[in-house]
Amino acid sequence: CGCILIFSFLLVKPESKFWKQIKENLPNIHWTRFENWATPGVPDAHGCKDGISFWIELKVIRSNKINLSPHQIMWNYKYSLHGGRSFIMALALSRSLLYIFPGSVVLSIGSIAHCPSPNWQVSMSPGAGPASSWKQVEEVLLHCPLPRPSPNKTVT
């Protein structure tokens, strides 16, 4: 019945819709989506293109607040300490903006208004030219220079 299909679509989590957008708009990247019930903190997806490998944690936000669990913070921080590429991608629905933060600054992320640099903003509004917006996202994920975090003795 069509009612069941519509009802199911309305129940889809915002992060799942965001994930679908990423897969559809970045088809040249080999993606693997992870369900993280078994290993807390591991990001939502792994991508690889041209020998460049990276992880992304997906967040859909309705305010300036980005909620990360202690496990997510720890995983991204430690991965960055070893030179790995990881990102927090936060889609702000109210502003049609995508914020991309390197995993190395994860200890400072909590609110968009108080986040450290570098971070990237990509307009996802329909008038912004969706193809060029997604090309910017791909460029950041694959080629942006990432700062290494300074070792923090209090983090375990």
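The model is predicted, with a mean pLDDT of 82 over the protein chain. Four helices and six strands make up its secondary structure, and 42% of the 156 residues are buried. The largest nonpolar core contains 24 residues, and a second, separate core contains 14.

- Read from the N terminus, the order of elements in the protein chain is α-α-β-β-β-α-β-β-β-α.
- Among contacts in the protein chain with a separation of 6 or more, 57% join residues 24 or more positions apart.

**Confidence**

- In the protein chain, 79% of residues reach a pLDDT of 70 or more.
- Confidence is highest in strand E2 (residues 45-49), at a mean of 97, and lowest in helix H1 (residues 2-10), at 45.
- The pLDDT is below 50 over residues 1-9, and this stretch has one contact in the model beyond near neighbours in sequence.

**Largest nonpolar core**

- In soluble globular proteins, nonpolar side chains tend to be buried together.
- Within the largest nonpolar core, the residues with the most contacts are Ile-22, Trp-31, Ile-56 and Met-89.
- Two or more residues of this core come from each of H2, E3, strand E4 (86-92), strand E5 (97-102), strand E6 (120-123) and helix H4 (130-143).
- Helix H4 makes the greatest contribution to this core, with five residues.
- Ile-56 touches Ile-22, Trp-31 and Met-89, and also Pro-43, Asp-44, Ala-45, Phe-87 and Leu-141, when residues up to four places away in sequence are not counted.

- Leu-68, Ile-73, Tyr-99 and Ile-109 are included in the second core.
- Ile-73 belongs to helix H3 (residues 70-81), and it touches Leu-68, Val-106 and Leu-107, residues up to four places away in sequence being left out.
- The C-alpha atoms of Ile-73 and Gly-103 are 8.2 Å apart, although the two residues are 30 positions apart in sequence.
- Ile-88, in strand E4, is buried because its relative accessible area is 0%, which falls under the 20% limit.
- Apart from neighbours within four places in sequence, Ile-88 is in contact with Leu-68, Tyr-99 and Ile-109, and also with Glu-57, Lys-59, Ile-66, Asn-76, Ile-100, Phe-101 and Val-106.

**Second largest pocket**

- Rolling a probe the size of a water molecule over the atoms shows where empty space is left.
- The second largest pocket holds about 190 Å³ of space.
- Eleven residues line this pocket, and those closest to its centre are Lys-13, Glu-15, Arg-33, Glu-35 and Asp-44.
- Helix H2 (14-25) and strand E3 (52-61) are the elements that supply two or more residues to the lining.
- Strand E3 gives the most to the lining of the second largest pocket, at three residues.
- By residue class, the lining of the second largest pocket has seven charged, two polar and two nonpolar residues.

**Loop residues**

- Asp-50 occupies the loop between E2 and E3 and has a positive phi of about 55° although it is not a glycine.
- Asp-50 is classed as exposed because its relative accessible area of 67% is over the 50% limit.
- Gly-83 sits in the loop between H3 and E4 and is partly exposed, with a relative accessible area of 43%.
- Gly-83 and Pro-147 lie 64 residues apart along the chain, with their C-alpha atoms separated by 9.0 Å.

**His-143 in helix H4**

- His-143 is part of helix H4 and is partly exposed, with a relative accessible area of 46%.
- Leaving aside neighbours within four places in sequence, His-143 is in contact with Ile-52 and Arg-85.
- Along the chain, His-143 and Ile-52 are 91 residues apart, and their C-alpha atoms are separated by 8.6 Å.

How values were computed: Residues are numbered from 1 along each chain as its sequence is written. This is a predicted model: local features need pLDDT of at least 70, side-chain atom pairs count only at pLDDT 80 or more; totals for chains, interfaces and linings use all residues. Side-chain values use heavy atoms; hydrogens and water are left out. On a 1 Å grid over the protein atoms alone, a cavity is a set of points where a 1.4 Å probe fits but cannot get out, and a pocket is an open set with protein on both sides within 12 Å along at least five of seven lines; lining residues have an atom within 4 Å of a point. Grid points are joined across faces, edges and corners, and a volume is the space filled by probe spheres set on the points. Ala, Val, Leu, Ile, Met, Phe, Trp, Tyr, Cys and Pro count as nonpolar, Asp, Glu, Lys and Arg as charged, and the others, Gly among them, as polar. A nonpolar core is a set of buried Ala, Val, Leu, Ile, Met, Phe, Trp, Tyr and Cys residues joined through side-chain atoms within 4.5 Å. Buried means under 20% relative accessible area, exposed over 50%, partly exposed in between (1.4 Å probe, protein chains only). Contact means heavy atoms within 4.5 Å. pLDDT is the predictor's confidence in each residue, from 0 to 100.
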